[in-house]
Amino acid sequence: MLVAEDLSLERGGRQLFTGLSFAVRPQQVILVEGANGAGKTSLIRILAGLSRYGFEGRVARHGPMLYLGHHSAVKALLTPRENLAWHVSGESQYTDDEIEAALSRVGLHGYEDVLSHTLSAGQHRRVNLARLYLSRSPLWLLDEPFTAIDVSGVAELQSLFAAHVKQGGAVVLTSHQALNIDHQVSRLDLSAGVLP
Amino acid sequence: MLVAEDLSLERGGRQLFTGLSFAVRPQQVILVEGANGAGKTSLIRILAGLSRYGFEGRVARHGPMLYLGHHSAVKALLTPRENLAWHVSGESQYTDDEIEAALSRVGLHGYEDVLSHTLSAGQHRRVNLARLYLSRSPLWLLDEPFTAIDVSGVAELQSLFAAHVKQGGAVVLTSHQALNIDHQVSRLDLSAGVLP
Amino acid sequence: MNTPGTALFCARLLRRQLVLAARRPVDIGNPLLFFAMVVALFPLGLGPAPDTLADFAPGILWIVALLSNLLTSDGVFRSDFDDGSLEQLLLSPQPLYLSVLAYVCAHWLVTGLLLALVSPVFALMLNLPATGIVALFFSLLLGTAVLSLVGGIGAALTVGLRRGGMLISLLILPLYMPVLIFGSAAVKAAVSGSPAAPYLAILGAMLSLAVALAPIATAAGLRISVDA
Amino acid sequence: MNTPGTALFCARLLRRQLVLAARRPVDIGNPLLFFAMVVALFPLGLGPAPDTLADFAPGILWIVALLSNLLTSDGVFRSDFDDGSLEQLLLSPQPLYLSVLAYVCAHWLVTGLLLALVSPVFALMLNLPATGIVALFFSLLLGTAVLSLVGGIGAALTVGLRRGGMLISLLILPLYMPVLIFGSAAVKAAVSGSPAAPYLAILGAMLSLAVALAPIATAAGLRISVDA
Amino acid sequence: MYFDSFAAMLSMDGHGAYVWSAYAITLVVVGALLLVPLRRQRRLLTELSGELRRNRGAPSQGPSVKEEDSHASGT
Amino acid sequence: MWTFFHKLGSPPWLYGISGTILRYLVPLTLIGLAVGVTWGLLFTAPDFRQGNSYRIIYIHVPAAVVALAGYYVMATAGAVSLIWKMKMADIAMKACAPIGAALTFVALVTGAVWGKPTWGTWWVWDARITSMLILLFLYLGVIALYEAYDNKEAAAKACAVLSLVGTVNIPIIYKSVDWWYSLHQPASIKFTGESTIHASMLYPLLLMIISFYALFTCALLMNMRGEMLARERRTKWVRKLAEDKAR
Ligand code: HEM
Ligand SMILES: Nc1ncnc2c1ncn2[C@@H]1O[C@H](COP(=O)(O)OP(=O)(O)OP(=O)(O)O)[C@@H](O)[C@H]1O
Ligand SMILES: Nc1ncnc2c1ncn2[C@@H]1O[C@H](COP(=O)(O)OP(=O)(O)OP(=O)(O)O)[C@@H](O)[C@H]1O
Ligand SMILES: [Mg+2]
Ligand SMILES: [Mg+2]
């Protein structure tokens with residue numbers, strides 16, 4: 001689904017990674033690990049095609065992909081329902097019921113129609129994560145998806161990842177929390193980072 | 001150090017908490033718990049005195065306090081050194097060495113003089129957390145201090161909290177991660193939130 | 001996977017932008033009020049003598065319309081950049097050219113079109129002769145569309161800069177100038193009794209050129225901004 | 001615990017703001033360039049007859065200075081609000097009145113003062129008679145300080161708004177108008193040979209009033225904005 | 001009565017259009033000034049009484065978040 | 001005295017008493033307006049210089065006078081709300097703004113409509129007219145600021161600050177504009193002087209001014225009642241009202 005060849009990145013005079021080659025295949029969960037500043041976010045953005053300059057190597061992607069980054073892409077003045085409908089509208093057609101169901105899945109039942117800026121930090125991110133329940137993209141690139149999410153939310157998301165890969169999808173994610181997925185997890189360690 | 005009496009808060013038609021009374025005394029670690037949207041952030045802001053309208057009850061604070069919220073208060077165009085120096089300047093006088101030492105403690109050694117917007121998400125937050133190493137305020141109010149911090153960073157912070165309370169300080173914090181502090185932790189559960 | 005039709009997607013984008021604008025009625029009303037207040041500044045600064053004001057009215061109205069457009073252009077992509085929506089737009093399988101057009105179109109609807117609609121009132125306040133008002137309306141209608149398109153380029157190029165701020169004005173003001181010249185010339189011509197049509201035709205030609213080219217530049221600018 | 005002296009704290013705040021401004025030279029240069037370009041727009045929009053331009057030069061220069069100030073006022077507290085620095089300022093044990101004064105002072109140094117310094121150049125471009133230039137300089141020096149102080153109130157009241165948009169211009173333009181009137185009157189008086197001092201004295205009086213009262217309103221506005 | 005005829009009253013020596021339009025605009029604005037708050041108040045009370053009636057049907061008087069449906073399990 | 005102040009701060013009491021007041025004041029106002037308008041329009045002689053167009057005075061002047069006074073009412077309420085943190089003052093302040101804006105608008109529009117036959121132009125940059133326009137902007141600013149805040153309590157505080165700042169500025173604006181106008185000779189435009197007004201024109205005018213003040217009071221109370229209900233919708237007394245209505 002995605003092949004990265006010989007990726008090297010230098011940022012601010014430090015070599016974050018060199019000669020990084022790997023492939024993402026169906027049914028894989030890849031956890032990108034590393035201390036703060038190791039280059040996880042930079043790597044994910046390169047894989048997603050958002051960074052196109054300043055690194056060496058090649059990335060080849062096949063098929064559609066879903067990327068969720070540090071920013072939640074949730075507009076404060078739209079309701080969760082409108083936000084989600086807009087997010088998925090570029091990709092495919094969904095009925096109103098499907099959208100409502102996805103919002104319920106992330107625990108926003110009853111919050112569908114308030115303006116998003118009244119939501120708490122975690123609820124805000126959940127609006128964005130609801131896309132995962134609707135996505136038909138096989139490849140997911142997720143940068144710290146568990147940020148601000150409470151314990152039960154993290155568990156739900158992990159079982160969603162397991163279900164997704166079992167259906168032939170693949171997930172590349174970064175996280176500082178331990179994964180507890182009912183599926184084999186490959187680890188990609190970027191070490192280094194801020195701490196010696 | 002802080003006494004909260006009969007706090008009630010209604011937000012968006014939901015009662016987040018009612019009749020909440022508690023006191024924060026020296027040597028206490030209070031973990032405010034609750035699902036996403038339970039009202040943790042709202043509570044902490046009320047305790048800090050940042051929210052002054054829209055709630056009922058009284059909060060009395062004695063002595064200085066340090067509040068770190070969701071926003072990192074780190075200016076992108078200042079270096080970590082300048083940021084930290086500015087943050088602590090309202091409170092007390094520190095030498096340059098003390099500031100450098102604090103930055104080292106949070107793993108930013110070597111990053112003291114780059115502009116903060118080149119830092120990674122976790123490093124960014126660490127600039128702010130470095131205040132804790134300099135603070136002489138006995139009472140700390142921390143809203144999700146572990147966001148974006150890597151595993152070893154979380155461990156470091158927790159031992160800092162333990163040291164602080166052992167010296168007679170107090171910490172009120174929210175977190176979705178398990179605390180693993182070498183000290184007794186009182187829990188304040190705000191339950192409810194998004195889940196029934 | 002069947003991606004929805006591009007036309008549908010653009011219609012949705014347009015609607016989203018308009019909904020966002022409607023949720024901030026202040027934002028819609030503001031260019032108008034800004035227009036009104038800056039128009040009021042001129043008599044205060046220049047002196048209230050009615051005849052000189054009337055002489056300058058075409059120029060003043062056009063300059064203020066241009067400033068009003070300039071100030072709002074900055075925000076076209078700003079909030080979408082800040083909250084990550086723009087990244088998502090770039091990754092979506094829809095042609096960026098048309099999405100950009102939808103953004104610009106929404107911007108024009110809530111600034112240029114409204115400005116053109118209310119301009120007669122302000123024209124009266126500055127004693128613009130009645131013969132000039134129709135020309136003013138149409139020149140603003142066409143001209144502000146060009147301004148919005150060009151402003152989009154500036155907005156796209158500066159949105160990723162850590163506080164580009166007013167840099168946009170530096171970038172796009174020179175591009176605005178031809179529009180200003182022909183726009184105010186159209187009104188002046190109408191006031192003095194000669195036909196305004198040739199000038200309007202030139203504005204129309206500029207508009208077609210801008211519709212064809214500006215979104216390409218804007219799209220390129222957005223890709224660069226998101227990358228940086 | 002010994003909190004550092006308030007004077008020291010304000011000096012630091014001022015230095016921080018200036019360092020931040022210096023790290024974005026674009027932001028410093030921009031009001032000037034905006035000034036230059038809008039001054040250049042006027043001959044284009046109004047027609048270049050030199051004598052009428054000279055007649056209107058005082059008004060035009062003052063209007064542009066005012067707009068330039070207006071545009072930058074919006075940002076005085078914006079980034080500090082967005083990244084949480086403002087919360088921290090409110091919680092710090094220092095008097096907010098003086099902190100606000102430091103913010104406004106920094107803003108004035110990088111906009112008003114600079115504008116006043118470069119204004120003679122633009123005055124020459126608009127054929128302002130040499131006799132008016134000294135009055136222009138001093139009226140800008142005093143007047144922009146009032147504008148910065150008043151602009152701070154608007155900035156504080158709107159900084160927390162998700163739907164603020166250009167609201168600030170609506171709030172503070174009416175308050176700017178007296179300054180515009182006396183500022184341009186001072187220059188006109190000087191050009192026509194009468195003494196500009198009475199007008200400058202009035203501007204000075206406005207400045208003292210603004211220094212005394214505006215920071216109070218600004219501080220109250222900031223507390224409200226952080227709360228909302 | 002100053003005017004001799006209805007027509008004279010309407011035309012007011014050629015100033016009728018101005019005078020009457022000024023009065024008409026004022027009438028509209030003043031009418032809105034009184035009617036808008038009145039309608040708002042009525043609507044609020046109606047809304048509230050509806051809400052109360054609905055709540056009387058449902059015994060629970062808890063926080064006004066809708067009850068979870070059985071299919072909607074939270075995250 | 002103190003208890004009265006206390007009562008004034010209590011929504012149920014104010015709601016009740018304002019209902020009683022309105023029951024009498026609204027009909028009185030409407031009668032006053034109707035009598036004044038008929039008198040002014042039909043039963044006075046035309047002005048010897050302006051002819052019949054002067055009849056606009058019966059709405060123009062009252063609107064202008066009350067619009068100006070309204071700003072001071074608003075600012076006073078704002079000051080009370082900031083100093084004594086009285087919720088009712090918040091509500092009163094918020095309620096003043098749309099009324100003041102509407103009356104300012106009426107003064108401007110009727111003035112413009114009047115200007116066309118008398119001066120031959122819709123608009124001149126006269127001191128009084130310009131400062132009236134600025135007054136409209138000040139009102140609109142307060143309304144827009146209130147609408148822009150989500151937290152209405154914070155919105156009211158912010159508006160209070162703004163309207164207080166505006167009070168300092170209204171005299172300054174008026175003085176400066178007045179003074180600015182006197183620099184340039186006006187293009188043969190003059191207001192009809194106050195003193196020239198004939199008694200037969202004065203009485204209906206006075207009646208209209210009084211009626212407009214009453215109108216302002218009515219609209220103010222009605223707006224406040226609506227706002228009170230909206231803010232206190234969860235309290236017992238509002239629920240009781242709603243229940244009475246449901247029956
Ligand atoms: C848009 C244009 C106009 C505006 C904004 C305006 C505004 C005002 C204002 C603010 C007042 C003062 C009330 C007070 O001082 O207490 C006033 C009074 C008055 N206006 Fe106008 N006016 C306008 C046009 C006109 C015109 C065209 C006429 C008639 C030729 C006129 C005749 C008067 C008269 C007779 C008074 C009362 C005089 C007095 O009390 O000193 N106005 N107007
Ligand atoms: N524009 C830039 N200029 C210079 N250095 C940069 C720039 N952007 C990022 N860096 C550096 O690249 C490194 C990696 O950043 P990145 O955001 O990829 O880290 P990360 O692994 O995601 O860390 P975190 O766990 O904190 O999110 C950091 O050390 C940072 O200082
Ligand atoms: N301005 C507002 N208007 C209406 N409701 C609000 C507003 N601000 C917050 N809320 C509501 O208050 C609740 C609590 O928010 P808060 O941010 O305190 O939650 P939290 O416990 O910190 O959650 P998280 O774990 O996600 O950070 C949320 O349900 C939110 O919808
Ligand atoms: Mg990262
Ligand atoms: Mg929170």
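Predicted model: local features only at pLDDT ≥ 70, side-chain atom pairs only at ≥ 80, totals over all residues.
1. First, some ground rules: residues count from 1 along each chain as its sequence is written, while chains are lettered from A and ligands numbered from 1 in the order in which they are written. Local features need pLDDT of at least 70, side-chain atom pairs count only at pLDDT 80 or more, totals for chains, interfaces and linings use all residues, and side-chain values use heavy atoms, with hydrogens and water left out.

2. Start with the iron atom of ligand 1. Its single protein donor is NE2 of H60(F), 2.0 Å away; donors are N, O and S atoms within 2.8 Å of the metal (3.2 Å for Na, K and Ca), and sites may look incomplete because water is not among the atoms. H60(F) lies in helix 3 (residues 57–84) of chain F; helices are DSSP runs of H or I with at least four residues, numbered from the N terminus.

3. Next, look at S184(D), in helix 8 (residues 167–191) of chain D. S184(D) is buried, at 1% relative accessible area (buried means under 20%, with a 1.4 Å probe and protein chains only). Beyond neighbours within four places in sequence, S184(D) has contacts (heavy atoms within 4.5 Å) that include L44(C), G45(C) and W62(D).

4. Helix 7 (residues 131–158) of chain D has 28 residues and should span 40 Å, which agrees with its end C-alpha atoms being 40 Å apart; the expected span is 1.5 Å times one less than the number of residues. Of those 28 residues, 22 are buried.

How values were computed:
Helix = DSSP H or I, 4+ residues; strand = E, 2+ residues; numbered from the N terminus. Buried < 20%, exposed > 50% of the residue type's maximum accessible area, 1.4 Å probe, protein only.
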